[in-house]
Amino acid sequence: MTASYARWDVDGIAANSVDFVNLLPGYPQPFGSFAKMQIRDRRVLCGGQTATAMCTCASLGLRSKYVGVTGTDENGRRIRHELTQRQVDTTDCIIRDGENQFAVILVDETTGDRIVLWDRDARLKLRERELPTETLVAARVVHVDDVDVDAAIRAARVARGAGVLVTSDIDRITPQTEALVGAVTHAIFAEHVPSQLTGTPDLEQALRQLRDRHGVVVCATLGDRGAMAFDGDRLCCEPAFQVHALDTTGAGDVFRGGFIYGLVQAWPIDRALRFANAAAAVSCTRLGALNGVPTMDEVQQLMAAGVVHPQAGEPQA
């Protein structure tokens with residue numbers, strides 16, 4: 001059996017990026033002392049939603065494959081090299097003539113919060129016909145994001161039809177968001193999405209509605225307040241772990257990688273959430289997305305310390 005058709009623990013479908021990360025002494029403002037500021041540190045680091053999640057899975061010991069489109073420029077070569085160095089299979093990675101997706105990220109060193117400015121050449125779109133269906137149906141988990149949503153929905157349906165678990169990274173609303181939610185088995189949302197999708201301001205009620213509507217496990221990441229999920233009728237809420245956050249870039253992607261690890265281990269959802277929260281917290285202590293990917297030892301050490309964030313469980317203002 002060739003590497004392309006081997007059974008993988010997880011296949012990730014869609015986005016990658018090369019990030020130009022700038023560490024700043026505060027949040028940029030149009031007026032006053034923060035209208036101009038010196039960059040404290042700047043680096044070129046790799047990232048992207050699904051690429052970061054797959055590197056997290058690989059770092060935690062899972063056999064991970066990335067499927068997506070990269071450019072022919074230096075950044076395209078950089079991301080392919082980085083994925084390979086991190087033990088993520090790129091056999092089905094597509095190289096297309098054009099500039100790789102990139103982002104300029106501004107990080108406030110006092111809080112770890114960031115602003116992301118990104119661009120992506122339309123030629124980098126992953127098409128449904130380019131999906132490696134043989135590997136999708138042979139994986140234990142398939143992970144999709146909402147960047148190339150047609151391909152994501154198709155990949156999710158193919159994998160789920162073969163009995164494969166399918167997770168998602170959904171952080172925006174599009175006309176196809178509902179279809180994507182219904183195609184997966186575990187829908188993981190950025191915090192703002194469920195309420196926008198349902199028109200229900202209360203997050204718990206919004207998640208409950210989406211669970212009832214689609215019959216899947218639904219989960220929302222809550223930043224420094226942890227994560228919330230419905231697994232059937234069971235509501236699971238797990239707090240975030242307390243760390244000194246240098247950069248929150250990629251924390252949600254690392255969370256998804258940690259959650260996928262829990263699914264592969266057949267853990268209960270609350271245990272998977274707790275592990276994913278710890279992985280995400282570790283990632284916030286370093287600059288950049290892939291640069292923040294944790295090791296298993298780091299995650300276990302943070303969980304053993306057991307110090308949760310003081311804002312855990314508080315409602316958002």
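Reader: What makes the charged end of arginine 63 sit over the ring of tryptophan 8?

Author: A charge sits over a ring if NZ of Lys or CZ of Arg is within 6 Å of the ring centre and within 35 degrees of the ring normal. The charged end of arginine 63 lies 4.4 Å from the centre of the tryptophan 8 ring and counts as over it. Arginine 211 is placed over the ring of phenylalanine 230 in this way, 5.1 Å from its centre.

Reader: What kind of model is this, and how are residues numbered?

Author: The model is predicted: local features need pLDDT of at least 70, side-chain atom pairs count only at pLDDT 80 or more, and totals for chains, interfaces and linings use all residues. Residues are numbered from 1 along each chain as its sequence is written, and side-chain values use heavy atoms, with hydrogens and water left out.

Reader: Why is tryptophan 267 called buried?

Author: Buried means under 20% relative accessible area, exposed over 50%, partly exposed in between (1.4 Å probe, protein chains only). Tryptophan 267 has 17%, so the residue counts as buried. Tyrosine 261, at 13%, is buried too.

Reader: How do you know that α8 is largely enclosed by the rest of the structure?

Author: Of its 14 residues, 13 are buried, so the rest of the structure largely encloses α8. Phenylalanine 255 and phenylalanine 259 are both buried. After α8 comes alanine 266, with a positive phi near 60°.

Reader: How do you know that the span of helix α4 agrees with what its residues should give?

Author: Helices (H or I, at least four residues) and strands (E, at least two) are DSSP runs, numbered from the N terminus. The expected span of a helix is 1.5 Å times one less than its number of residues. For the 13 residues of α4 (residues 149-161) that gives 18 Å; the end C-alpha atoms are 18 Å apart, so the two agree. Glycine 163 follows α4 and has a positive phi, near 85°.

Reader: What makes strand β2 and strand β8 a pair?

Author: Two strands pair if DSSP finds at least two bridges between them. β2 (residues 17-24) and β8 (residues 102-108) have seven bridges, in the parallel sense. Asparagine 22 stands opposite leucine 106 in β8.

Reader: Why are β3 and β9 said to stand at the edges?

Author: The open sheet runs β3-β2-β8-β9, with mixed pairing. β3 (41-47) and β9 (114-119) each have a single partner strand, so one side of each has no neighbour in the sheet.

Reader: What makes both faces of β1 covered?

Author: Val10 and Gly12 on one side are buried, as are Asp11 and Ile13 on the other. β1 also pairs in the parallel sense with β4 (residues 64-67), over four bridges.
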